[in-house]
Amino acid sequence: MSALTPPTDMPTPTTDKITQAAMETIYLCKFRVSMDGEWLCLRELDDISLTPDPEPTHEDPNYLMANERMNLMNMAKLSIKGLIESALNLGRTLDSDYAPLQQFFVVMEHCLKHGLKAKKTFLGQNKSFWGPLELVEKLVPEAAEITASVKDLPGLKTPVGRGRAWLRLALMQKKLSEYMKALINKKELLSEFYEPNALMMEEEGAIIAGLLVGLNVIDANFCMKGEDLDSQVGVIDFSMYLKDGNSSKGTEGDGQITAILDQKNYVEELNRHLNATVNNLQAKVDALEKSNTKLTEELAVANNRIITLQEEMERVKEESSYILESNRKGPKQDRTAEGQALSEARKHLKEETQLRLDVEKELEMQISMRQEMELAMKMLEKDVCEKQDALVSLRQQLDDLRALKHELAFKLQSSDLGVKQKSELNSRLEEKTNQMAATIKQLEQR
């Protein structure tokens with residue numbers, strides 16, 4: 001990157017500014033990154049001189065920022081696609097030494113750094129993407145565990161290292177896409193850290209967040225304690241994505257096998273999620289059944305208590321009527337005490353009646369929730385059966401393609417053998433021709 005800076009004796013402010021921008025991002029210099037199928041194409045733009053010009057340039061900053069966003073989005077597409085394909089072909093858990101995974105984190109770091117506002121500190125201006133990532137725990141509570149783990153790591157001393165560790169932990173948790181979507185949807189919070197035309201504030205950021213969903217099919221495992229994330233240099237290796245003109249295209253059968261494998265892995269991942277959902281729903285149904293049984297028992301007890309209270313009420317009424325008739329000429333104080341006892345009994349009966357109504361209402365609600373859960377269980381079981389049938393058909397197609405591949409390989413081997421035999425016959429005929437020519441020449445001499 002330092003080769004981009006021309007040697008000058010006394011650098012001017014314009015030279016320092018342009019040199020810093022060129023050293024931060026290689027995609028600012030002189031190329032437009034685009035995709036040709038599954039390969040990277042670099043199309044040369046007008047040269048941007050790093051020497052001070054006597055006249056000010058008239059480049060539109062919005063156009064330059066849009067070009068940078070497009071370049072980063074295309075690089076993210078290539079990086080994510082290459083990582084998924086190589087991980088599926090590898091068939092094992094990825095670690096921090098895997099080159100496509102390292103390049104993916106470098107590209108993500110460049111995407112998060114694009115358009116960052118510089119914050120002034122006592123040491124100077126500082127640009128770090130750790131600030132926006134800290135906001136995720138406020139939007140998604142599950143991210144609080146990752147943020148706490150990053151802050152507890154002893155070897156991290158800079159915000160850049162914490163941001164890199166956060167990206168790795170989110171990928172291990174298979175929630176990177178969910179966290180990025182939640183962050184991008186809150187533009188009012190991101191405006192504190194990013195310029196208005198930054199990648200995270202525009203449509204390209206939402207596209208990259210959608211592409212990250214495909215990374216849920218891979219498994220990664222990182223050991224953070226031994227890595228020096230603070231001093232790593234994030235440089236994009238374009239050689240991994242540039243197309244070689246001498247490379248031969250894969251056969252059509254190999255392409256179909258790769259597509260079938262991708263579909264198979266996707267269906268298996270979806271099947272695992274559905275199984276987990278079914279287990280959760282089954283646990284909820286069991287809990288609802290227990291709660292329903294308990295409420296039924298409580299309702300029976302309440303009914304028995306209400307019947308008992310009604311009997312006591314009737315008995316109290318009879319006793320009160322008898323006392324009123326027998327003591328009609330008695331003192332007024334006795335009649336007041338009996339009236340108070342009667343009102344208390346009525347109040348107690350009203351409370352018990354209201355309690356019974358509340359219990360019946362709650363029981364009806366629990367029964368309706370149980371019916372809904374049973375319907376959801378049936379629908380999920382049907383969906384799981386359909387996915388399993390699709391998985392079986394995909395496996396059958398994969399077996400057919402493998403048989404076709406073996407047949408094509410056998411035919412290719414047979415054709416190579418025929419060509420070899422024909423070449424040997426041709427060499428023999430040439431030897432005989434040379435011998436006959438020599439014989440004719442000798443005869444002519446004689």
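Me: How are helix α2 and helix α3 oriented to each other?
Reply: In this predicted model, where local features need pLDDT of at least 70, side-chain atom pairs count only at pLDDT 80 or more, and totals for chains, interfaces and linings use all residues, residues are numbered from 1 along each chain as its sequence is written. Side-chain values use heavy atoms, with hydrogens and water left out. Helix α2 (residues 61-90) and helix α3 (residues 99-113) pack with their axes 9 Å apart, at an angle of about 155°. Since angles over 145 degrees count as roughly antiparallel, α2 and α3 are therefore roughly antiparallel.

Me: How many residues in the contact of α2 with α3 are nonpolar, and how many are polar or charged?
Reply: Contact, meaning heavy atoms within 4.5 Å, involves residues of α2 including Leu72, Met75 and Ser79, and residues of α3 including Phe104, Val107 and His110. With Ala, Val, Leu, Ile, Met, Phe, Trp, Tyr, Cys and Pro counted as nonpolar, Asp, Glu, Lys and Arg as charged, and the others, Gly among them, as polar, the contact divides into 10 nonpolar, 4 polar and no charged.

Me: Is asparagine 292 buried or exposed?
Reply: Asparagine 292 lies in helix α11 (residues 252-326) and touches Leu363, Ile367 and Arg370, leaving aside residues up to four places away in sequence. Buried means under 20% relative accessible area, exposed over 50%, and partly exposed in between (1.4 Å probe, protein chains only); at 13% relative accessibility, asparagine 292 therefore counts as buried.

Me: What is the phi of lysine 174?
Reply: Lysine 174 sits in the loop between α7 (159-173) and α8 (176-184), and at 27% relative accessibility it counts as partly exposed. Although lysine 174 is not a glycine, its phi is positive, at about 60°.

Methods
Axes are lines fitted to C-alpha atoms, for helices over the stretch in contact, and angles run from 0 to 180 degrees between N-to-C directions. Helices (H or I, at least four residues) and strands (E, at least two) are DSSP runs, numbered from the N terminus. Angles under 35 degrees count as roughly parallel, over 145 as roughly antiparallel, 65 to 115 as roughly perpendicular and the rest as oblique.
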